[in-house]
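Please open the model in your viewer and keep the sequence beside it.

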Amino acid sequence: MDMISRLSDDLLLKILSSLPTKDVVSTMLLSKRWKFLWTMVPALYFQSDFESSKDEYAKFRQHVYLFMVLHNSPVLETFKLRLGWHSTTDDITTWIKIAVARRVRKLKIHCYTDDDDIFLPSCLYTYNNLEVLKLGNSIVLDVPEDVRLPSLKTLHLLCVEFRNEESARRLLTGGCPLLEEFVLDKSENVSPPCFYLEAPSLQRLSILDTYREGNDSDVKVVIKTPSLRYLNVVDKCDSGLLFLSENMPDMVVANVSVVYKNPEMLMRSFTSVKRLSLCLATSVIQHRVEFNQLVHLELCSSVEKWCELLNWMLESSPKLKVLKLNKCKPHRFVYAKHIEYPGGKPSSVPECLLFHLNTFEWNFYNGCREEKKMVAYILRHAKRLKSAKISLWDLDCEDEPQWRSFHRASKLCQLLSEREPRSNWYES
């Protein structure tokens, strides 16, 4: 305790900022020096029990009001609320208004209510100093026409609702002119079905949308983000809800898991990526798309027609250096263990195999005929290969001696293998 007390106030406040506020308040009992230190903490974090009674929530609410009145930090860096069943719009509105008056920069609110929706105060939509806004669950965004968040750089919307499409359009097509990171989770089938995101400064984008029953034809997300560098997409809407601008020359990394019937337009948005992870349940893409910057490819081998997709990617990626084959989690796609996938070899050896590929990994390899053919083909033609690692998923698979005997074009290639426990399939 004496060692901690010798630390500077700035360092102590930084440490206290990582703790729930109720724990921070308790430090006032440690010594005279700590008596008022808690009132200067630049980050406030309040959490109520999700299943607390109304009386317990009333005590929690009184605690929050009291602390915010006594709080004396000149700038509130972070204000975080995680609230349960009895939270109300009135309470949250009051607390947000106090936080805005304290010049809050980062606001994170997650509410779980069983009855009423939670609305945010209108002053929040025109607040100049907000840099980070993360919202989740029972929140409804009713965005006014004059929305303007000129400092906002990070926006996370996790299963929140927009009151209507106009509210979504106002916020996402001009309301955040400096936005750099946007995370959208529509996995709870939240409204509205259509999103239009136009953010010239956006660099990182993540979208999660799970499959929904019924008509998907009216569901879509239109993205115009010319400065995008990182993209993460999980979409189980087979009609293909995502429409990306092809003009994204700065994109470096893309992680894509979709079940589109016609993904060619989507793939054309990734021509500048250097690292690409694909879990693409699709028919064969008819036209060639050049991925001239791609050096690292991870591809799921547990979806239908993965072999044709891999051949297509090898032919389209002349500079590819690293190839990894994985299997998705069972809840993402149905795993087909020993299905024989149709598809032949490329008509000519892809340029990447002849001149660039140096690392090859296959996780959850089980030795079916199509997999053996693919391993043999890559080893036979990858002239610059330095390492090939095969992780056998099926403990009964006896294929290791066979693939070790395959002809290798690269004499420097080191063959590695290991047994992948079945439990890892469910934990991956």
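**Salt bridges, stop by stop**

Select glutamate 77, which is partly exposed with a relative accessible area of 28% (buried means under 20%, exposed over 50%, and partly exposed in between, using a 1.4 Å probe and protein chains only). This is a predicted model, in which local features need pLDDT of at least 70 and side-chain atom pairs count only at pLDDT 80 or more, while totals for chains, interfaces and linings use all residues. Residues are numbered from 1 along each chain as its sequence is written, and side-chain values use heavy atoms, with hydrogens and water left out.

Next, select aspartate 91 and arginine 61, whose side chains meet in a salt bridge with an N to O distance of 3.4 Å. Aspartate 91 lies in helix α5 (residues 89–101) and arginine 61 in helix α4 (residues 54–70), so this pair ties together parts that are 30 residues apart in sequence; helices are DSSP runs of H or I with at least four residues, and strands are E runs of at least two, numbered from the N terminus. Aspartate 91 is buried at 5%, whereas arginine 61 is partly exposed at 29%.

Finally, select arginine 169 and glutamate 166, three residues apart in helix α6 (residues 165–172), with a salt bridge at 2.3 Å between their closest N and O atoms.

Definitions and conventions:
Salt bridge = Lys/Arg side-chain N within 4 Å of Asp/Glu carboxyl O.
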